Number of protein chains: 2
Amino acid sequence: MALIVQKFGGSSVADAEGIKRVARRIAQTKNDGHDVVVVVSAMGDTTDELLDLANEVTSTQPAREMDILLTAGERISMALLAMAVNDLGCEARAYTGQQAGLKTDAKYGKASIVDIVPQRIKETLNEGAIAIVAGFQGVNVENNDVTTLGRGGSDTTAVAFAAALGADVCEIYTDVDGVFSADPRIVSKARQLKVMTYEETLELAAHGAKVLHLRAVEFARRFNVPLHVRSSFSDKEGTWIVDESSSKNRAMEAPIVAGVAHDRSQGKISVVGVPDIPGVAAHIFSVVADADGNIDMIVQNSSLSNPGISNISFTVPVEQMDDVVANLEKAQEELGFNNIQTQSPIGIISIVGEGMRSHTGVSAKLFNALAENSINVEMISTSEIRISVVVDPQKLDDAARALHTAFELDADGEAVVYGGTGR
Amino acid sequence: MALIVQKFGGSSVADAEGIKRVARRIAQTKNDGHDVVVVVSAMGDTTDELLDLANEVTSTQPAREMDILLTAGERISMALLAMAVNDLGCEARAYTGQQAGLKTDAKYGKASIVDIVPQRIKETLNEGAIAIVAGFQGVNVENNDVTTLGRGGSDTTAVAFAAALGADVCEIYTDVDGVFSADPRIVSKARQLKVMTYEETLELAAHGAKVLHLRAVEFARRFNVPLHVRSSFSDKEGTWIVDESSSKNRAMEAPIVAGVAHDRSQGKISVVGVPDIPGVAAHIFSVVADADGNIDMIVQNSSLSNPGISNISFTVPVEQMDDVVANLEKAQEELGFNNIQTQSPIGIISIVGEGMRSHTGVSAKLFNALAENSINVEMISTSEIRISVVVDPQKLDDAARALHTAFELDADGEAVVYGGTGR
């Protein structure tokens, strides 16, 4: 007997049929002899519909009241799901984030979890019942107001309860079979991964792969919660995400590279003609930080023909480009640069794998594969288990396929894709 | 400056336009210098849509989870209304029943209020803001679960907060101008009443008039909360419902009868051939009580031609007829009656007025008016301020018009009807 936390996203409970299908899965897990805690998101488009209503009614949208509004969505799905499970002969009780003991700070709309006190959840399990918990929401410890956790909130809720309850596994249900070695819509020979480490998952997610939200994976890593990403449409094993030692049993089959991620969400800003004197780069990046710019890669090159002058290029998310450029232009006189050039979007291709820690020649293989496909590399960044390069966005899909083949990730057959990623 | 509690029903906030209209009314009241607490129902058909969803998902519908589900409705409307009021430059804060301090017993779906601890509402008012409270819901004091108050719950919530806060008035907004001396759809010359007593309102509501829910009026009477039933579509004075002493200022214009109510929701059961021995009537009514039958009128008549045998007739709500008859038939041998006759529905016409306490000749006038219109009276029941009679349901509308004219209630013009009663 295990304690299993199961998380179902909005697309899994989009309508009455979906709720009943999910209920059967929950009841089956319970009937197999396990203790079950379920975290559920709002039904399908509920959240968007509530946002539309708010837009119709008001332009100010106070954050506290927006959270009250949006949490109505999980309230509906959790109550319906509990009823559907009860219908199958398994006692189920629905709990709001507050009732379940998920305590947050006061940052409405993007609250952080400060504590989980799952007293009622434990009582529910002790009495042999199933606990259905609203995802995405908690209670402001300062004043008992409801808060929402922001993007990735339901995944994070599930992992947080798995950690607090010492669950054996946190199952993340989605509409695909698991995590793939690349996006199957681009790389048709992408293979489903059996096991990944938290670090690989974080690197892939941070560089464009639609896996899990970073926040949930970081939470899982910190508390060492085994994740199992799997399909709500089948009983197949999905992808396990575990710590490095637990993943050692994959060693025999382990490729150097676990997966290839591509990213079209970044743009490049080049500050041209910067005086090459100490402190100027620091000044530029403090201006970028003032615009809340999230910098990923940086390249600085001094001009050989024009000594004393350099160019600084860096990448930021596309939606932050305008603010960052505006802030830089305001500071142009102070910073003394010549002009600003931008490119948006750029293409970034990344390979990620724990095997890169111990294997040499990985970057040589990467550059060879790209060169053989006539793909130029514009910028590079690396971590211990990742290499990312900026390429022509037109050639990004080719680059993904080339690297997937070069690192021997290609599956025998084609990947089965059920639909969107559902998260 | 007064403290005003305003209650808006689902039809007043059915869509974004409705919410904005209600928000303007609230802001105007605040800008006139008053403290304002608002109680709001779920938007339009939200509750019915949630019930439909529950019916699609499950047949068991556990009461606790149904309450979680249904309270999502007010959550949405209260958040949107608070935002809309904020948009108009008045600070407004939305509160669930729990946050507002409405504590109930554990009877999910039909909870009773056990206490109101409006700490956060008082703080909100002290800080110059408007409190928007979800109607129809509270928190189970035993375990912090959400509960709903059942039928009339939003009116009752408003009156309860008005009582707990010592409000100067509880305004009940609806889609008609106030309470009428009869249903304007039947009696075209019905007039809007300026002032009524709690007792008159209770008698009218209990006998078929669509006024306010009995429960809310009883609460208002117990705590002496002045009610003002008025239209959310106009600024006209509506109908004040107050205690008898406060209503004395209407004495000069006061008619003996305040209003005429008609009721087609009752049926008649006649138990024929009952042995005329002590205790049999008591036995019959305990059988009826076992079927949860709500008896209104009772007539027992002994047969002159057949001494020792009597017939007992009584009225119960139409929807209780089958259960009551079934229970009686099960006990037929024991009770020794001959057979059961039923009539469903019957027509009941009532006149209600405080003036009846001190005026004689009221019943004579009633019977004359009915006789002149060839309407037979089958059963009679009275209270200090009411006379009700059972008549042929086909002639109920005629009876209402005849009595309205006889007791000089007819207005000069025709009543304006905006739509349904919205409650």
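1. What share of the contacts in chain A with a separation of 6 or more is accounted for by residues 24 or more positions apart? In this predicted model, the share is 75%.

2. On overall architecture, chain A contains 14 helices and 20 strands. Its C-alpha atoms occupy a box of roughly 80 × 55 × 35 Å along the principal axes. The radius of gyration of chain A is 24 Å, which agrees with the value near 22 Å that a compact globule of 423 residues would have. Of the 423 residues in chain A, 50% are buried.

3. The next point concerns a helix pair in chain A. Helix α8 (residues 198-206) of chain A packs against helix α9 (residues 214-223) of chain A at an angle of about 165°, and the two axes are 10 Å apart. Because of this angle, α8(A) is roughly antiparallel to α9(A), angles over 145 degrees being counted in that class. The crossing in which α8(A) passes α9(A) is left-handed.

4. The contact between these two helices can be described residue by residue. From α8(A) come A:Y198, A:T201, A:L202, A:A205 and A:A206, and they meet A:L214, A:V217, A:E218, A:A220 and A:R221 of α9(A). By class, the residues of this contact of α8(A) with α9(A) are 7 nonpolar, 1 polar and 2 charged.

5. A helix pair in chain B may be read in the same terms. Here α2(B) and α4(B) pack with their axes 9 Å apart, at an angle of about 145°. The crossing of α2(B) past α4(B) is right-handed. In this contact, B:T46, B:T47 and B:L50 of α2(B) meet B:A72, B:G73 and B:I76 of α4(B). The contact of α2(B) with α4(B) has 3 nonpolar and 3 polar residues, with no charged residues.

6. Turning to the interface, 30 residues of chain B are in contact with 31 residues of chain A. On the side of chain B that touches chain A, the elements giving two or more residues are α1 (16-31), α2 (46-57), α3 (63-70) and α4 (72-87) of chain B. Which element of chain B gives the largest share of that side? It is α4(B), with 11 residues. The side of chain B that touches chain A divides by class into 18 nonpolar, 7 polar and 5 charged residues.

Definitions and conventions. Residues are numbered from 1 along each chain as its sequence is written. Chains are lettered from A and ligands numbered from 1 in the order in which they are written. This is a predicted model: local features need pLDDT of at least 70, side-chain atom pairs count only at pLDDT 80 or more; totals for chains, interfaces and linings use all residues. Axes are lines fitted to C-alpha atoms, for helices over the stretch in contact, and angles run from 0 to 180 degrees between N-to-C directions. Helices (H or I, at least four residues) and strands (E, at least two) are DSSP runs, numbered from the N terminus. Angles under 35 degrees count as roughly parallel, over 145 as roughly antiparallel, 65 to 115 as roughly perpendicular and the rest as oblique. A crossing is left-handed if the near helix is turned anticlockwise from the far one by less than a right angle, and right-handed if clockwise. Two residues are in contact if their C-beta atoms, placed from the backbone, lie within 7 Å. Ala, Val, Leu, Ile, Met, Phe, Trp, Tyr, Cys and Pro count as nonpolar, Asp, Glu, Lys and Arg as charged, and the others, Gly among them, as polar. The radius of gyration is taken over C-alpha atoms; the globule rule is 2.2 Å times the number of residues to the power 0.38. A residue is buried if 20 or more other C-beta atoms lie within 10 Å of its own, exposed if 12 or fewer, and partly exposed in between; C-beta atoms are placed from the backbone.
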